[in-house]
Amino acid sequence: DAARAGILAHAHIERARLLVIAAPGVYQARQIVDLARAARPDIPIIARAHSRAETDYLEKLGLTRVSMGERELALGMAHSALRALGKSEGETDATMQAIRSGHV
């Protein structure tokens, strides 16, 4: 549990190139972000969220990326479906980018 004091130091956060947070709750994730930034204000942070509200909350903290599991699963399924329906990798990638940017 990286929200506990000393765990990030034990994991050598001072040498880390990236912090990935898959905490079970947004408040625990926030604690980890705060501890990480105290030790390494410049470290890129990627976190998992469970809802749109959690995603919004974590994005406001300025994380490098926040991924919501259900959304990523749906996007992966859409990608596979498009390819199975004969769309090229380029067409599929363009469609997926449009979906991600909110243009579809």
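Biologist: Which residue follows α4, and what is its phi like?
Modeller: Glycine 86 follows α4, and its phi is positive, near 95°. Helices here are DSSP runs of H or I with at least four residues, strands are E runs of at least two, and both are numbered from the N terminus. Mind that this is a predicted model: local features need pLDDT of at least 70, side-chain atom pairs count only at pLDDT 80 or more, and totals for chains, interfaces and linings use all residues. Residues are numbered from 1 along each chain as its sequence is written, and side-chain values use heavy atoms, with hydrogens and water left out.

Biologist: How far does α4 reach from its first C-alpha to its last?
Modeller: The 16 residues of α4 (69-84) reach 22 Å, close to the 22 Å expected at 1.5 Å a residue. The expected span is 1.5 Å times one less than the number of residues.

Biologist: Now the sheet. What is the strand order?
Modeller: β1-β2-β3, an open sheet with parallel pairing. Pairing means DSSP finds at least two bridges between two strands.

Biologist: Which strands stand at the edges?
Modeller: β1 (19-21) and β3 do; each has a single partner strand, so one side of each is left without a neighbour in the sheet.

Biologist: How many bridges join β2 and β3?
Modeller: Four, between residues 45-49 and 65-68. Arginine 48 has serine 67 in β3 as its bridge partner.

Biologist: And β1 with β2, how many bridges?
Modeller: Three, also in the parallel sense. Leucine 19 has isoleucine 45 in β2 as its bridge partner.
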